[in-house]
Amino acid sequence: MNRILLAHGGGGSLTQELVQQMFVPAFKMRSLDDAAVLGVDRVRLAFTTDSYVVKPYVFPGGDIGRLAVCGTVNDLAVQGAQPLWMSLSFILEEGLPLADLETIVASIKTAATEAGVEIVTGDTKVVERGKCEGLYINTAGIGRVAGRRSVSHAGARAGDVVLLNGPLAEHGVAVMSRREGIVFQTSVVSDCAPVWPLVKAILDSNAEIHTLRDPTRGGVAGALNDIAVASGVGIRLEEKALPIGREVRGACDLLGLDPLTIANEGKLLVICRGSDADRVLATMKRQPLGRRSVVIGEVIEKPKGMVLLHTTIGGERIVDMPTGEDLPRIC
Amino acid sequence: MMKLPLAEIAALAQQVARPMQFMEVCGTHTMAAYRSGLHQLLPANVRLISGPGCPVCVTDQSYIDAAIDLAGHPDVIVATFGDLVRVPGSDSSLEQERAAGAQVRIVYSPSDALVLARECPSKKVVFLGIGFETTAPTVAWAIRQAAEENLKNFFVLCAHKTMPQAMDALLRGHEVKIDGFLCPGHVSVITGAQLYRFICEQYKIPCVVTGFEPWDILSGIKMLLQQHVDGRAEVENEYSRSVSEAGNLAAQELLARVFEPCDVSWRGLGTIAGSGLRIRQEFARFDATVALDVVFPRTRVHPGCLCGAVLRGVATPLDCRLFGRKCSPLHPVGPCMVSSEGACAASYKYEKRAAA
């Protein structure tokens, strides 16, 4: 393989391989968390960057603008950081209708207000027609890490409990339902939302929180595999407990996709000390974004670095790291 | 959820009192079984083995190579189901060719390929027609539609296959002991359940047409065991909510109108007489092998790859020395590791992996 494949951008093991072999050694990166936590004059800041190339740029429940804000502030929030500032760089395609851009800017404004983040700098470039699909957005975000405790991918310990704040795979399915060549009728809308208010409530509850993660690209399977590897633990999920909407399940069955590997944009995985699970669950349920929170699994000692699923019929199987591009199957 | 027939299965297995090996013919069954961890729930003397029902896996390597070659032509767009793009050919894959600039588009149905042909009149759109009785009618429909519209730039590289002949070939080969078939639910929706009767009559082997939920598969296993206890060999239909005795007659007519049976080569099983579907003379202008310059190059298959044996039910994925070492979903050697219905992919993803 001597070229970049689409699957290198899928957020699965092929992405990981590229990052590990190309970027980590070149830049001597210390951590691969979604945001870097940096100290300046005894203030701890979280710093992140992300790019948005979603197609189509408007989808049920949101658009590329809302996604850019939520994606960025959520990467800060899962480091326990309150989002403060954001940059926005637009790469616009020649011919993009101004009305579309106006809609997207308006939804950026709404989402930024919701997230309590300020857009403080930006850039605009235009490329020839055909060089991008409508528009791409690149962002950076800075947040202040709240309190002294750290949460990190490497923080999960045997005996911990895994919680999730609601139904899986809605963003991915909503976007796919409008994608060129695949349009299907569904009322599923993207879950795209800033999770900071939920994170803040959880951190304020004084429970012992070990890991927070937004299961975006690569889904819950990707996020939990990362955590299992980084923390040197196993994770066992309970299939019966997984919140999956009827329509999402139907769409996934039809396309041969696993809801566990599909992107979410307003979901939060919380891993906390087992004895604090009830308190955390109650705290989450009191938040608007947490009303449908559930316990979905537990952290176990072995097998290290693996995620298992106790199935509805009583079997057990591996939940693997997705490899790359999700490919709908043939029949 | 329906109550699982685990206790009945255990009791029947005890009554049968000898090892039972049932083949799930369809790749979707394979995936569903691994995904639910169903194998672990079966009694020690009941074993489920995978059959030749993964359409991508049984597609001959020369077909993959021909598709890759076609994709290299600047005036060709190859339209394909997503499953095929990662399947390794002798030297490359459609995914790698796409990254190198070839026009390879993933479509979700043959009608999407028709749309592509209408939108790009200056390109030749070649749809990769693989799959069994389930997908073949949709391709037949697209070809008939192209004929009605008189589309000049739509072609099908056809390697459709039919399932009963492959099951027959497996039994004639005597290579693997099969005590019963879980017959493919999706295929049977089209063909009807009666299609498998010859297996019961000629080989005295029970068949149960089965759905795709874990409890469907378990019910199918229970029904197969019950037939052994009763000394019967019949076609039974567990999936009667979707499958009728005669099948979908409209789809069968469409198939017969556009395609005719031919001999075709299956990966692992070799050429099986009458097991393929070829585009009829009347529609030959849509047949890529007739209308375009299609080259079927000499293929190179990795010498250690056991995909062929896995597809015949003779070997399990874990028997392969490449499994989890040289061959993984990230760096696949054979198609069974790539396809979302492949036995190796299912085993790797859901069950266990060999130490690297």
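The following conversation goes through selected features of a two-chain predicted model.

Colleague: Let us start with chain A. In what order do the seven strands of the open sheet run?

Modeller: The order is 9-11-8-12-10-13-14 in chain A, with mixed pairing. Strands here are DSSP runs of E with at least two residues, helices are runs of H or I with at least four, and both are numbered from the N terminus. Two strands pair if DSSP finds at least two bridges between them.

Colleague: Which strands are at the edges?

Modeller: Strand 9 (209–213) and strand 14 (316–319) of chain A are the edge strands, each pairing on one side only. From one strand to the next, the twist averages 25°. Axes are lines fitted to C-alpha atoms, for helices over the stretch in contact, and angles run from 0 to 180 degrees between N-to-C directions.

Colleague: How many bridges join strand 8 to strand 11 there, and do the strands run parallel or antiparallel?

Modeller: Strand 8 (residues 161–164) and strand 11 (residues 269–272) of chain A are joined by four bridges and run antiparallel. Within that pairing, Leu163(A) has Val270(A) as its bridge partner.

Colleague: Which helix lies across those strands?

Modeller: Helix 8 (residues 277–285) of chain A lies across strand 8, strand 11 and strand 12 (294–300), and runs at about 10° to strand 8 of chain A.

Colleague: Where are the cis peptide bonds in chain A?

Modeller: One cis bond leads from Lys55(A) to Pro56(A), with omega near 0°. Pro56(A) sits in the loop between strand 2 (43–52) and strand 3 (58–59) of chain A. Another joins Lys302(A) and Pro303(A), with omega about -5°, and Pro303(A) belongs to the loop between strand 12 and strand 13 (307–310) of chain A.

Colleague: I also noticed Ala169(A). What is its phi, and is the residue buried or exposed?

Modeller: Ala169(A) has a positive phi of about 70° although it is not a glycine. This alanine lies in the loop between strand 8 and helix 4 (170–176) of chain A. Ala169(A) counts as buried because it has 30 C-beta neighbours inside 10 Å. The cut-offs are 20 or more other C-beta atoms within 10 Å for buried, 12 or fewer for exposed, and partly exposed in between, with C-beta atoms placed from the backbone.

Colleague: And Asn150(B), buried or exposed?

Modeller: Asn150(B) counts as exposed because it has 7 C-beta neighbours inside 10 Å. Its phi is positive too, about 55°, although Asn150(B) is not a glycine. The residue is placed in the loop between helix 7 (136–149) and strand 6 (154–161) of chain B.

Colleague: Staying with chain B, which residues of strand 8 are buried?

Modeller: Both faces of strand 8 (residues 207–210) of chain B are covered: Cys207(B) and Val209(B) are buried on one side, and Val208(B) and Thr210(B) on the other.

Colleague: Which strands pair with it?

Modeller: Strand 7 (residues 180–184) of chain B runs parallel to strand 8 of chain B and is joined to it by four bridges; Cys183(B) stands opposite Val209(B). Strand 9 (residues 235–237) of chain B also pairs with strand 8 in the parallel sense, over three bridges, and there Cys207(B) stands opposite Val235(B).

Colleague: How does the chain cross from strand 8 to strand 9?

Modeller: The path goes through helix 11 (residues 214–230) of chain B, and this β-α-β crossover is left-handed. A crossover is right-handed if, with the strands pointing away from the viewer, the path from the first strand over the helix to the second runs clockwise.

Colleague: Finally, how many residues of each chain are in contact with the other?

Modeller: 25 residues of chain A are in contact with 35 residues of chain B, contact being C-beta atoms, placed from the backbone, within 7 Å. Strand 14 of chain A gives the largest share of the side of chain A that touches chain B, three residues.

Note on methods: Residues numbered from 1 in each chain as written. Chains lettered and ligands numbered in written order. Predicted model: local features only at pLDDT ≥ 70, side-chain atom pairs only at ≥ 80, totals over all residues. Contact = placed C-beta atoms within 7 Å.
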